[in-house]
Amino acid sequence: MIQWKEEIIIEANIEKVWSLFSDENIKRIMPKVEEHHLIEKREDEVGAKHKQTYREGKRLETYIVETLAYEDLLDKKLKKISFVLGKAFEITLTFTLLKIDDTHTKFIYEGQNKGVNFVGRAMLKLGSEKSNLKVVNEFMERVNKEALEV
């Protein structure tokens, strides 16, 4: 299993940053997501389910993303999602935003990637922590960049 918890300060209002995690803007921070459709409940509810299609090179993966936690307070925003990718990995991601002041937001990105079968567990063991951290940091930088453009 791979786990991470990283944080950065974004020079933008918490509401602007939070808007990037809405269905409408998800492709801005996750450009490899080709389709993202709500199939159950509302996007701002625990238990909401989305059908998502992701492109990695020439390969397309389609899976169901479930919202496990959702908070939308004035000074704290949180969204926790989970999905199984390629029948091999169970991925859980948590995006937490904390208001520092009107122009600064702390972004905490936590996650875990767990192999659900032999192939998934083997692939995680073969992967490097350095390359996983690179993917995490690239995502955080994309959120930071997009927040400045909202």
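This is a predicted model: local features need pLDDT of at least 70, side-chain atom pairs count only at pLDDT 80 or more; totals for chains, interfaces and linings use all residues.
Residues are numbered from 1 along each chain as its sequence is written, and side-chain values use heavy atoms, with hydrogens and water left out.

In order from the N terminus, the elements run β-α-α-β-β-β-β-β-β-α-α. The radius of gyration, taken over C-alpha atoms, is 15 Å, close to the 15 Å that the globule rule gives for 150 residues, so the protein is as compact as a globular protein of that length. That rule is 2.2 Å times the number of residues to the power 0.38. Along the principal axes, the C-alpha atoms fill a box of roughly 45 × 35 × 25 Å.

Of the 150 residues, 40% count as buried, where buried means under 20% relative accessible area, exposed over 50%, and partly exposed in between (1.4 Å probe, protein chains only).

Val17, found in helix α1 (residues 14-19), is buried, with a relative accessible area of 0%. Not counting residues up to four places away in sequence, Val17 touches Ile10, Ala12, Leu97, Thr105, Val143 and Ala147; such contact means heavy atoms within 4.5 Å. Val17 and Leu148 are 131 residues apart in sequence, yet their C-alpha atoms are 8.4 Å apart in space.

His36 belongs to strand β2 (residues 33-40) and is likewise buried, with a relative accessible area of 15%. Its side chain makes a polar contact of 3.0 Å with the side chain of Asp23 and another of 2.8 Å with that of Gln52. A polar contact is a pair of N or O atoms within 3.5 Å; within protein, one must be able to donate a hydrogen and the other to accept it, and residues adjacent in sequence count only if both atoms are side-chain atoms. Leaving aside neighbours within four places in sequence, His36 is in contact with Asp23, Ile26, His50, Lys51 and Gln52.

Met123 lies in helix α3 (residues 118-126). This residue is partly exposed, with a relative accessible area of 45%.

How values were computed: Helices (H or I, at least four residues) and strands (E, at least two) are DSSP runs, numbered from the N terminus.
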